[in-house]
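I opened this entry to note what I looked up in the model, topic by topic.

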Amino acid sequence: MSRILLIEDHQTVRDGLQLALTRQGHTVDAVATGEQGLVRVHEGASDVVILDLMLPGMDGFEVCRRIRALGDLPIIMLTARNDDMDVVAGLEAGADDYVVKPVQARVLEARIRAVLRRTGGETRRAGGEQAGVEQYGALTIDRAALVVSKGGMPVGLAPTELRLLLELSRTPGRVLSRQQLLEAVWEHGYLGDSRLVDACVQRLRAKIEDDSSAPVFVQTVRGFGYRFGPL
């Protein structure tokens with residue numbers, strides 16, 4: 001049973017999602033504003049946040065940024081339209097995944113379970129890799145402890161960023177398509193969700209590269225996907 005924080009201002013949507021998720025066995029704490037949601041986050045009683053982008057007062061983008069600044073709590077954002085600009089902005093703010101309204105309960109449930117698996121024991125087994133400490137220049141990846149450091153200093157990665165790095169670095173030099181990364185990291189089969197990969201790559205580069213505009217570790221192979229270097 002997982003504890004879900006639902007931040008949604010529309011009462012009908014909020015009540016419907018709360019009921020559907022409760023029936024799935026989750027414990028759901030539902031609030032109507034971003035300010036209320038941040039209070040709940042500070043209380044530390046949630047496993048995952050479902051966050052509407054279009055909130056009154058403090059909007060969902062700012063709420064997302066503030067939650068992410070506090071730590072690695074998984075965030076799934078709700079967007080009223082399949083609008084590229086809104087989705088990309090939400091992902092860049094730190095969201096791990098997104099669902100377009102009107103929300104289908106089975107789709108949201110699948111996304112919740114996937115993001116929770118990425119934060120739990122299955123991350124340790126991502127891709128069947130062997131546990132151990134790997135050194136790539138100044139970057140150290142400890143697969144057993146799920147710790148990444150650079151120059152001896154720990155690097156704080158959100159669960160999805162960590163799993164993406166683990167998947168890419170499992171086979172250095174091998175090019176992985178966006179579709180392959182979607183299936184391995186997000187457990188999605190929808191090619192249209194490739195922006196999830198691109199936004200997460202951007203966030204990961206900002207944390208592990210000296211210069212994210214000239215990446216050494218997470219390299220783009222135009223027309224194909226991404227590979228882990230240095231080569």
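I counted rings of Phe, Tyr and Trp (its six-membered ring) as a pair if their centres lie within 6.5 Å, with planes under 30 degrees apart taken as stacked and over 60 as edge-to-face. By this rule I get 2 aromatic pairs. The model is a predicted one.

**Aromatic pairs.** I looked at Tyr136 and Phe228 to begin with. Their ring centres are 4.8 Å apart and their planes stand at 75 degrees, so I logged the pair as edge-to-face. Tyr136 belongs to strand 6 and Phe228 to strand 12 (residues 225-228), so this pair ties together parts 92 residues apart in sequence. I found Tyr136 buried, and Phe228 likewise.

Then I took Phe217 with Phe228. This pair is stacked, at 6.1 Å centre to centre and 25 degrees between the planes. Phe217 sits in the loop between helix 8 and strand 11 (218-221), while Phe228 is in strand 12, so the parts tied together here are 11 residues apart in sequence. Phe217 and Phe228 are both buried.

I followed strand 6 into its sheet. The sheet is open and has 4 strands in the order 6-7-8-9, with antiparallel pairing. Strand 6 (133-136) and strand 9 (153-154) are the edge strands, each pairing on one side only. Between strand 8 (residues 147-150) and strand 9 I found 2 bridges in the antiparallel sense. Ser149 is opposite Pro154 of strand 9. Helix 6 packs on this sheet and touches strand 6, strand 7 (139-142) and strand 8. The direction of helix 6 makes about 100 degrees with that of strand 7.

**Helix 6 and helix 8.** How do the axes of helix 6 and helix 8 cross? For helix 6 (residues 159-169) and helix 8 (residues 194-208), I have the axes coming within 10 Å and crossing at roughly 85 degrees. Helix 6 contributes Thr160, Glu161, Leu164 and Leu165 to the contact, and helix 8 contributes Cys200, Val201, Arg203, Leu204, Lys207 and Ile208. Sorted by class, this contact has 6 nonpolar, 1 polar and 3 charged residues.

**Strand 3.** I moved on to strand 3 (residues 48-52). I found 5 of its 5 residues buried, so strand 3 is largely enclosed by the rest of the structure. In a regular strand the side chains alternate between the two faces of the sheet. Here I have Val48, Ile50 and Asp52 on one side and Val49 and Leu51 on the other, all buried, and both faces of strand 3 are covered. Which strands pair with strand 3? Strand 1 (residues 3-7) pairs with strand 3 in the parallel sense over 4 bridges, and Leu6 has Ile50 of strand 3 as its bridge partner. Strand 4 (residues 75-79) also runs parallel to strand 3, joined by 4 bridges. The bridge partner of Asp52 in strand 4 is Leu78.

**Val41.** Last, I checked Val41, which is placed in helix 2 (residues 34-43). Is Val41 buried or exposed? Its relative accessible area is 13%; buried means under 20%, so I logged Val41 as buried. Leaving aside neighbours within four places in sequence, I list Leu5, Val49, Ile67, Leu70 and Leu73 as its contacts. I also noted the C-alpha separation between Val41 and Ala89, which is 21 Å for residues 48 apart along the chain.

Methods: Residues are numbered from 1 along each chain as its sequence is written. This is a predicted model: local features need pLDDT of at least 70, side-chain atom pairs count only at pLDDT 80 or more; totals for chains, interfaces and linings use all residues. Side-chain values use heavy atoms; hydrogens and water are left out. Axes are lines fitted to C-alpha atoms, for helices over the stretch in contact, and angles run from 0 to 180 degrees between N-to-C directions. Contact means heavy atoms within 4.5 Å. Ala, Val, Leu, Ile, Met, Phe, Trp, Tyr, Cys and Pro count as nonpolar, Asp, Glu, Lys and Arg as charged, and the others, Gly among them, as polar. Buried means under 20% relative accessible area, exposed over 50%, partly exposed in between (1.4 Å probe, protein chains only). Two strands pair if DSSP finds at least two bridges between them.
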